[in-house]
Amino acid sequence: MSAAEMNGSADVALETDRISKHFGAVRAVDELSISIPRGVMTSIVGPNGSGKSTLVNLLSGTLALDGGVVIIDGVGLRVVRAYDTPNHGITRTFQEVRLFEQISVWDNIMVVLTERRLLPALMQRTTAERRAKVQRVLEDVGMWEKKDSLAMDLSYGQRKLVEIGRAIAMDANTYLFDEPFAGLFPQMIETVKGIVRDIQAQGKTIIFISHNMDIVRELPEHLIVLESGTLLGEGEVDEVLGRSEVIEAYLGL
Ligand SMILES: Nc1ncnc2c1ncn2[C@@H]1O[C@H](COP(=O)(O)OP(=O)(O)O)[C@@H](O)[C@H]1O
Ligand SMILES: [Mg+2]
């Protein structure tokens with residue numbers, strides 16, 4: 001029985017059944033089967049190049065699958081379309097933050113509340129309800145005071161906060177965050193931790209990639225360890241981190 005068939009339960013938000021993505025000779029993700037529990041926080045760790053971002057890109061339809069099936073809420077997909085993932089209740093952030101550079105922070109959030117096309121979105125900006133939501137989201141990520149700044153004028157950390165804000169504004173059930181803590185100063189790490197905890201308190205499913213083992217020990221309940229595009233370990237955080245093969249992979253870094 002495949003992992004997908006075994007895990008086809010209501011407690012699972014997202015699964016993969018032997019998914020693969022190869023770049024030439026590089027098996028970035030190689031017949032990988034994982035299971036993401038619903039309503040809890042899962043962290044994905046692994047050495048550089050182990051396929052973490054590729055996995056998130058496959059789950060979000062940013063990259064096309066070479067093989068295998070992604071199962072969202074029990075529905076198996078051989079093709080995951082990026083524009084469809086909000087309808088599946090999935091939203092994401094990128095390791096390399098992607099914002100609309102030439103428009104304001106405020107507009108960067110407003111865009112996702114309206115049309116997914118930029119121009120119609122900007123023309124619908126007056127709705128009171130949407131305006132209130134933009135404010136709420138920007139306050140949640142601590143960026144309300146920067147609402148009028150152009151995205152291109154923000155610091156690295158501020159850009160990450162706006163991108164996380166954009167993900168929150170989508171009202172998803174499942175949040176995929178690719179290295180949300182990387183490159184942040186300690187104070188901003190605390191801000192992002194607070195945001196992630198708030199999302200979890202609403203019963204949402206969160207998956208985040210991280211290299212920060214203190215955060216990985218602190219925040220998630222569930223851990224997925226990748227190595228060379230394959231699964232090295234999966235389960236409860238402390239238990240997985242205590243396994244000898246996982247310790248070896250990390251000492252080998
Ligand atoms: N677009 C791409 N083209 C070619 N190779 C890629 C591409 N994206 C990722 N890779 C390769 O796939 C492997 C996994 O990359 P990635 O998923 O980014 O790893 P991680 O996020 O764990 O650091 C690496 O060897 C990387 O060089
Ligand atoms: Mg990566």
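How many nonpolar, polar and charged residues does the shell around ligand 1 have? By class, three are nonpolar, seven polar and one charged; here Ala, Val, Leu, Ile, Met, Phe, Trp, Tyr, Cys and Pro count as nonpolar, Asp, Glu, Lys and Arg as charged, and the others, Gly among them, as polar.

The model is predicted, so local features need pLDDT of at least 70 and side-chain atom pairs count only at pLDDT 80 or more, while totals for chains, interfaces and linings use all residues. Residues are numbered from 1 along each chain as its sequence is written, and chains are lettered from A and ligands numbered from 1 in the order in which they are written.

Around ligand 1 stand, among others, Phe-23, Val-26, Ala-28, Lys-52, Ser-53 and Thr-54, a residue being near a molecule if its C-beta atom, placed from the backbone, lies within 6 Å of it. Strand β2 (26-32) and helix α2 each supply at least two residues of this shell, and α2 gives the most, three. Helices (H or I, at least four residues) and strands (E, at least two) are DSSP runs, numbered from the N terminus.

Helix α2 (residues 52-59) also packs on a sheet, where it touches β4 (41-45), β7, β8 (174-178), β9 (205-209) and β10. Contact means that the C-beta atoms of two residues, placed from the backbone, lie within 7 Å. The direction of α2 makes about 150° with that of β8; axes are lines fitted to C-alpha atoms, for helices over the stretch in contact, and angles run from 0 to 180 degrees between N-to-C directions.

The sheet is open, with six strands in the order β7-β8-β9-β4-β10-β11 and mixed pairing. Two strands pair if DSSP finds at least two bridges between them. Because β7 (90-93) and β11 (230-236) stand at the edges with a single partner strand each, one side of each is left without a neighbour in the sheet. Strand β10 (residues 222-227) runs antiparallel to β11 and is joined to it by six bridges; one bridge pairs Glu-227 with Thr-230 of β11.

Helix α7 (residues 186-201) lies across β4, β8 and β9, at about 150° to β9. The chain is divided into domain 1 (1-89 + 172-253) and domain 2 (98-171), with bounds from an automatic or database domain assignment. In contact are 13 residues of domain 1 and twelve of domain 2. Helix α7 provides the largest share of the domain 1 side, six residues.
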